[in-house]
Amino acid sequence: MKLSCGNRTLDLGTAHVMGILNVTPDSFSDGGQFNQLDKAIAHAGSMVAEGATILDVGGESTRPGAAPVSVAEELERVVPVIEHIAARLDVAISVDTSTAEVIRESAKAGAHLINDVRALRREGALKAAAESGLPVCLMHMQGEPDTMQKNPRYDDVVQDVRNFLKERIAAAQAAGIASEQILLDPGFGFGKTRVHNYTLLNRLEQIAALGYPLLTGLSRKRMIADVLNISGDAVERDDASAAAATVCAMKGARIIRAHNVKKTWEAMQVVNATLREGHE
């Protein structure tokens, strides 16, 4: 499948690595490391050199318990970074946002993809996304970042996530977003317990069966730390994160969102060789 992203095209016949570029002071793993323009651009260049074909620029922390950020502050964080990356690097740019104005300004600045943890439910977001003409990733989240991990409950987590995503697909299509411009993310870690997360991972092909490309992000999340029984530096989760990324890709995910691009890219080369050559 080819994904048209503004002036770029992504071949989703193989798995891509999406490098995470948090330009926030408080993201759970790397908050404050890249919220200065020169540091953000340098890190972007490093991730592209390590194999990232997409960079996901985010100016609002969505870690559990995170407080909201103003529209003006989010714009100030992300737009200059997108402009500089677009001018300097050969890479697709994703904007990790839920806000209509940020969607519009990011598209003008050179973004190629809208990645929204709220699945375009904020006021004006659907309209802004449709008008941008860019592909969108619709993610499942139960609740909001400041409350989502307070006793999340499901009847059947996989079926509930499927039903939510089907509703958001219909809303996106009704707003004028073409089916071939829609990607889905089951939202690992967003309003889900450890059991919910691993149930989703085990049955991820049921989300892929909806017929849209999958984007997944498990990198350095608590579900990784829990099975390793570690609580130290999030970097210690990178090897297991690459393992989880491999499971996702083998079950249908085509964009893998990751902090450690090099390790994830190496894992995806094994996946891609399996997908490309393993049937011979």
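In H5 (residues 157-174), Val157, Val158 and Val161 meet His196, Thr199 and Leu200 of H6 (residues 194-202), where contact means heavy atoms within 4.5 Å. The model is predicted: local features need pLDDT of at least 70, side-chain atom pairs count only at pLDDT 80 or more, and totals for chains, interfaces and linings use all residues. Residues are numbered from 1 along each chain as its sequence is written, and side-chain values use heavy atoms, with hydrogens and water left out.

**Helix H5 with helix H6**

- The contact of H5 with H6 divides into four nonpolar, two polar and no charged residues. Ala, Val, Leu, Ile, Met, Phe, Trp, Tyr, Cys and Pro count as nonpolar, Asp, Glu, Lys and Arg as charged, and the others, Gly among them, as polar.
- The axes of H5 and H6 come within 9 Å and cross at roughly 75 degrees. Axes are lines fitted to C-alpha atoms, for helices over the stretch in contact, and angles run from 0 to 180 degrees between N-to-C directions.
- That angle makes H5 roughly perpendicular to H6. Angles under 35 degrees count as roughly parallel, over 145 as roughly antiparallel, 65 to 115 as roughly perpendicular and the rest as oblique.
- Helices (H or I, at least four residues) and strands (E, at least two) are DSSP runs, numbered from the N terminus.

- The axes of H2 (residues 71-88) and H3 (residues 100-109) come within 9 Å and cross at roughly 20 degrees, so H2 is roughly parallel to H3.
- H2 passes H3 in a right-handed crossing. A crossing is left-handed if the near helix is turned anticlockwise from the far one by less than a right angle, and right-handed if clockwise.
- On the H2 side, the residues that meet H3 include Val71, Leu75, Val78 and Ile82, and the H3 residues in this contact include Val102 and Glu105. By class, the contact has eight nonpolar, one polar and four charged residues.
- The axes of H3 and H4 (residues 125-132) come within 8 Å and cross at roughly 15 degrees. H3 is therefore roughly parallel to H4, and their crossing is right-handed.
- Ala100, Ile103, Arg104 and Ala107 in H3 meet Ala125, Ala128, Ala129, Glu131 and Ser132 in H4. These residues divide into six nonpolar, one polar and two charged.

**Cavities**

- The whole structure holds two cavities of 30 Å³ or more. On a 1 Å grid over the protein atoms alone, a cavity is a set of points where a 1.4 Å probe fits but cannot get out, and lining residues have an atom within 4 Å of a point. Grid points are joined across faces, edges and corners, and a volume is the space filled by probe spheres set on the points.
- The largest cavity has a volume of about 90 Å³. Its lining has 15 residues, and Ser219, Ser241, Ala245, Ala258 and Thr264 lie nearest its centre.
- Helix H9 (238-250) and strand S10 (253-258) each give two or more residues to that lining, with the largest share, five residues, coming from H9.
- The second largest cavity has a volume of about 30 Å³. Glu60, Thr62, Asp96, Thr97, Ser98, Val117 and Arg118 line the second largest cavity; by class they are one nonpolar, three polar and three charged.

Terms used. 1 Å grid on protein atoms, 1.4 Å probe; cavity = no way out; pocket = protein on both sides within 12 Å on 5 of 7 lines; lining within 4 Å.
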